[in-house]
Amino acid sequence: MRHPTYRSVGIIRMIIMDKKLPTARIRDSEKTVAALKRAAIDQLISNGFAGLSIAPLLKKAGVSRGALFHHFASKDALVVAAFEDVLAEFAICLTRISQRLRSGEIGLEEFVTETSAAFASDLFIATMEMSLGMRVEEFLSEAAQDAIVVWRENLLRFWTDTFDLPALSQAEQETHWAIASNTLRGYGFTNSFGHQEVATRHMRQGFAQFFLTGAVIKPAITPDISALQGKKTTNSGEDK
């Protein structure tokens, strides 16, 4: 007969293992979703929206068909989720370029080079393919609206956080940066048909001259350490 202590230890181990299982499942689930979205993005870039199909997508992600439809109601729902990831990644990319300019790490010429390159990257191609899909798929158009609204807000914030245009009102600045963004979209679209160094150089020079003349680079923001640390309080809630 086993000693009661051994039995207790066994029960404790079972409880610990049982508590770990949900966490493991969550992590596996997150990995599966991430793999599916990454595979969808890769297909959008390489094959376009029209060429996006389930079989190669599953092979790329390394998951089963059942796993796909366990996490997403349809292929289109996966595409929308992937689109949201692309827009978020794009916004992060632009924010980093802005931070490098404002901190003095790069100059204005490099800023234009890196920003225009971002609009000619695979990230832009994925958004363009998704936009084409939205023209023919009503579900995609409706499901992606919130993500597009957030993206437009992030894009405007990228410009207004980076530059000030003292000669223009706030409304005029918003229009100015909207046109700048559309110019870069046009460049990205044209660039997808082939890259010509001379044309790219002229575009960058013209962009800087037209949109950035008179623009003042905003200083890098120094974090408020006291605000980050917060105030320590006693149990009664009074400041120490």
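Student: How do you know that the span of helix 10 agrees with what its 15 residues should give?

Tutor: Happy to start there, with the reminder that this is a predicted model. Helix 10 covers residues 197-211, and at 1.5 Å a residue it should span 21 Å. The expected span is 1.5 Å times one less than the number of residues. The C-alpha atoms at the ends of helix 10 are 21 Å apart, so the two values agree.

Student: What makes T200, M203, F207 and F211 of helix 10 count as buried?

Tutor: The cut-off is a relative accessible area under 20%. The residues of helix 10 that are buried are T200, M203, F207 and F211. Their arc around the axis is only 60 degrees, and therefore they sit on the same side of helix 10.

Student: What covers the buried residues of helix 10?

Tutor: The cover includes helix 5 (108-118), helix 8 and helix 9.

Student: How much of the protein is buried?

Tutor: Of its 240 residues, 32% are buried.

Student: What share of the contacts with a separation of 6 or more comes from residues 24 or more positions apart?

Tutor: Such residues account for 68% of those contacts, where a contact needs heavy atoms within 4.5 Å.

Student: And how many helices and strands are there in the protein?

Tutor: There are eleven helices and two strands. Along the sequence, they follow the pattern α-α-α-α-α-α-α-α-β-α-α-β-α.

Student: Let's turn to the pockets. Which residues lie nearest the centre of the largest pocket?

Tutor: Those are W151, R152, L155, N182 and R185, out of a lining of 24 residues. The volume of this largest pocket is about 570 Å³. Helix 4 (75-102), helix 6 (122-136), helix 8 (145-162) and helix 9 (170-191) each supply at least two residues of its lining.

Student: How does the lining of the largest pocket divide into nonpolar, polar and charged residues?

Tutor: It has 16 nonpolar, five polar and three charged residues. In this scheme Trp and Leu count as nonpolar and Arg as charged.

Student: What is the volume of the second largest pocket?

Tutor: It is about 270 Å³. Its lining has 16 residues, and T95, S98, Q99, R102 and D161 lie nearest the centre. By class, the lining of the second largest pocket has seven nonpolar, six polar and three charged residues.

Student: Which helix gives the most to the lining of the second largest pocket?

Tutor: Helix 8 does, with seven residues. Helix 4 and helix 8 each supply at least two residues of that lining.

Conventions:
Residues numbered from 1 in each chain as written. Predicted model: local features only at pLDDT ≥ 70, side-chain atom pairs only at ≥ 80, totals over all residues. Heavy atoms only, no water. 1 Å grid on protein atoms, 1.4 Å probe; cavity = no way out; pocket = protein on both sides within 12 Å on 5 of 7 lines; lining within 4 Å. Points joined across faces, edges and corners; volume = space filled by probe spheres on them. Helix = DSSP H or I, 4+ residues; strand = E, 2+ residues; numbered from the N terminus. Buried < 20%, exposed > 50% of the residue type's maximum accessible area, 1.4 Å probe, protein only. Arc of directions from axis to C-beta.
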